[in-house]
Amino acid sequence: MSDVDVVRLDLNNPVFQRDLLGLQKVERHAALDTLAKLRQLNWQQVYRDKGLHWEKIVSIKPPPGIAALCSVRITQTRRAVAYRDGAFIRLLAIPSDHDATYGKK
């Protein structure tokens, strides 16, 4: 697999950083394991991976310039909100509950 095929991570969003660092130790380590896994995959593998369960969030309108917001399983109990930008997965947040990931109250 060449470098252009590999998923690149963007962890620079301050909300994502706050959420990640605010996780309990066990969940934080699980999230870091998932991020390490993502770095080793190409996009087709991300889309097919049953553990990650990448899916489009249809209940939230994406900001201008972003085709679609998606969710990806980052721990057994948490999903992250992200989007694809070329080779990058831009991680935006790790909502505290499942429904919040999908914009539901």
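Is Asp19 buried or exposed?

Some ground rules to begin with. What you see is a predicted model, where local features need pLDDT of at least 70, side-chain atom pairs count only at pLDDT 80 or more, and totals for chains, interfaces and linings use all residues. Residues are numbered from 1 along each chain as its sequence is written, and side-chain values use heavy atoms, with hydrogens and water left out.

Let's start with the overall layout. The protein has four helices and five strands, where helices (H or I, at least four residues) and strands (E, at least two) are DSSP runs numbered from the N terminus. Reading from that end, the order is β-α-α-α-β-β-β-β-α. Of the 105 residues, 40% count as buried; buried means under 20% relative accessible area, exposed means over 50%, and partly exposed is in between, using a 1.4 Å probe and protein chains only. As for contacts (heavy atoms within 4.5 Å), take those between residues at least 6 apart in sequence: 50% of them join residues at least 24 apart.

Now to the inside. In soluble globular proteins, nonpolar side chains tend to be buried together. Here the largest nonpolar core has 20 residues, and Val46, Trp54 and Ile89 have the most contacts inside it. By nonpolar core I mean a set of buried Ala, Val, Leu, Ile, Met, Phe, Trp, Tyr and Cys residues joined through side-chain atoms within 4.5 Å. Elements giving two or more residues to this core include α1 (14–22), α3 (43–48) and β5 (88–93), while α2 gives the most, with three residues. And which residues does Val46 touch, leaving aside its neighbours within four places in sequence? They are Val7, Leu38, Leu41, Leu52 and Trp54. There is also a second, separate core of five residues, with Ile66, Leu69, Val81 and Tyr83 among them.

Next, have a look at how α1 meets α2. The two pack at an angle of about 130 degrees, their axes 8 Å apart. Axes here are lines fitted to C-alpha atoms, for helices over the stretch in contact, and angles run from 0 to 180 degrees between N-to-C directions. That makes α1 oblique to α2, because angles under 35 degrees count as roughly parallel, over 145 as roughly antiparallel, 65 to 115 as roughly perpendicular and the rest as oblique. On the α1 side we find Phe16, Leu20 and Leu21, and on the α2 side Arg28, Ala31, Leu32 and Leu35.

Last topic: charged pairs. A salt bridge is a side-chain nitrogen of Lys or Arg within 4 Å of a carboxyl oxygen of Asp or Glu, and the count comes to six. In one of them, Arg90 pairs with Asp10, the closest N and O atoms being 2.8 Å apart.

Another bridge joins Glu55 and Arg79 at 3.9 Å. Glu55 is in strand β2 (residues 55–56) and Arg79 in strand β4, so the pair ties together parts 24 residues apart in sequence. Glu55 is partly exposed at 25%, whereas Arg79 is buried at 7%.

And back to the opening question. Asp19 counts as buried, at 13% relative accessibility. Its salt-bridge partner is Arg18, at 2.9 Å from N to O, and Arg18 is exposed, with a relative accessible area of 55%. Thanks, everyone!
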